[in-house]
Amino acid sequence: MVSNLAGGGAAGYGVEPGTQLGALESYAAQAHGHLTVGGERLAQLPGLLRPLILESWLRSVRGGVDPRDELDGRGLRGADLERYRDNHPIAAVMPLVDRLLLQDATSTGLIVVIADQFGRVLSVHGGPDRVAAVADAGLREGNDLSERRVGTNAVGLAVRTGRASWVHGPEHFLHRMHRITGAAAPVHDPDGRLVGVLMIAGGARVASPEILALVKAAATAAEMDLVLSTVRAQHRGAERIGCGADSPQRHAAGRLALDVLGLGQPQLTVAGERVPLSQRHAEILLLLAEHPEGLSADHLALLLDDTDLDNATIRAAMSRLRAVVGPQIFDSRPYRLRVHLATDVEALRAALDSGDVDTAVRLYTGPVLPRSNAPGVVDIRDESRVRLRTAVLRSGDPAVLSRWTACAEGRDDAAAWAAYRSTVDRDSALYTQIEAKIRVLDRRMGADATQMQRFDS
């Protein structure tokens, strides 16, 4: 039986009609036995695991997760974690989560875990002894709980599926997590984007409808709080306009987000409101976001143009940018952002850092500011594309490779098509289609090489 690490209860506690935890544990233990043997024995898994858990296990197997994986100490730690957590959108709803979830749950011996949209643990709450105990299983601040990193777990499932779910004991893919039961629910922003995950963890009693309902209710309340915060910010902005305040001060009050990926016009969002942005202003904001330590006028000039812009030109550009975003957004000498500017490049990098290639490919709608020739932007663009392509090729995930080869960046990527082919059944129609595409690319590359030889001669 599973040892009840925190907040234990009877192992036979019913969680679904006709389902007993004791039987679930026994079947999951058999599944782990088949997993250890591998090969044809994996075909026995469907009769032993719940469908949601089975799908996650199979993704974990394809992703190369080792069920006996040990803690390696990697993760976001110290000041880096504190800064990331304080600037994360879910920080705005923590007072509400504290009232609804933390105070009651932790007082009864349970653990509450707050994670970001990629499955990275932002904070762990509970009694000191229980927090220390779950840290040994990997539930530690800064650790990555994405499915791709640690296999099947409640946080990883919420990130992957966008739905609330629970995972009990040996249903976890990793052996070191078998003493934990977790119930998790996703939190979305007003635009429907995932911003975080709430999880209650403990012993067998967590696998109950009441606990799952509790964490879902807290997540729903957090989502409503985010909606209300956005409405209040917009209302305050409207009042300031009515009182004669100008647009820059209205913008300065809200949360900033910058979208620079893809072929469309770069977009700045302030408290849910889109603000028109020129290419040059997008370049400056992106470079400042990438250099939180600040940039001198000379350094910024080099990153914007390799023809040696003078300081007067930089000052003029910054003055115009202040008129757009407000005078309180950044400092001078050096130029430095005073508030966090969330960018889609940052989100892409975070997904890659956490090993969530599927999310990274979804986020990548195109190159970083593709029409920009600014040296600093070109470096960011090249680094983002190379990192993403490398992760895609290494993933071995047919869904990821399919999505990459369908986008403009990967449409003619011969290596990606070859990797995709290796994941498909040779007898399938899809294999034939991929093979035909590879032959077209081979012929095209051959023709290009012939033309180059003729040109050289």
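**A guided look at a predicted model**

This is a predicted model, in which the protein chain has an average pLDDT of 82, with 87% of the residues scoring at least 70.

Visitor: How many helices and how many strands does the protein chain have?
Guide: The protein chain has 457 residues, of which 46% count as buried. As for its helices and strands, the chain has 18 helices and 13 strands.

Visitor: Which residues touch the most other members of the largest nonpolar core?
Guide: In soluble globular proteins, nonpolar side chains tend to be buried together. Here the largest nonpolar core holds 62 residues, and apart from it lies another core of 34 residues, including Leu48 and Val159. Leu285 touches, among others, Leu258, Leu321 and Val325, leaving aside residues up to four places away in sequence. In the core of 62 residues, those that touch the most other members are Leu285, Ile314 and Val368.

Visitor: Within what arc do the buried residues of α12 fall, seen down its axis?
Guide: Helix α12 covers residues 311–325 and reaches 21 Å from its first C-alpha to its last, close to the 21 Å expected at 1.5 Å a residue. Its buried residues include Ile314, Ala317, Leu321 and Val325, whereas Arg315, Arg320 and Ala323 are exposed on the other side of the helix. An α-helix has 3.6 residues a turn, so residues three or four places apart point the same way. The buried residues of α12 line one face of the helix, because seen down the axis they fall within an arc of 105°.

Visitor: Which residue follows α12, with a positive phi?
Guide: The helix α12 ends at residue 325. After α12 comes a residue whose phi is positive, near 110°, and this residue is Gly326.

Visitor: Does Arg59 count as buried or exposed?
Guide: Arg59 is found in helix α2, which covers residues 51–62. Its relative accessibility is 17%, and since buried means under 20%, Arg59 counts as buried.

Visitor: Which side chain is joined to that of Arg59 by a polar contact of 2.6 Å?
Guide: Not counting residues up to four places away in sequence, Arg59 touches Glu147, Leu157 and Arg160. The polar contact of 2.6 Å joins the side chain of Arg59 to that of Glu147.

Terms used
Residues numbered from 1 in each chain as written. Predicted model: local features only at pLDDT ≥ 70, side-chain atom pairs only at ≥ 80, totals over all residues. Heavy atoms only, no water. pLDDT = per-residue confidence, 0-100. Core = buried A, V, L, I, M, F, W, Y, C linked by side-chain atoms within 4.5 Å. Buried < 20%, exposed > 50% of the residue type's maximum accessible area, 1.4 Å probe, protein only. Contact = heavy atoms within 4.5 Å. Helix = DSSP H or I, 4+ residues; strand = E, 2+ residues; numbered from the N terminus. Expected span 1.5 Å × (residues − 1). Arc of directions from axis to C-beta. Polar contact = N/O pair within 3.5 Å; in protein donor to acceptor, adjacent residues only side chain to side chain.
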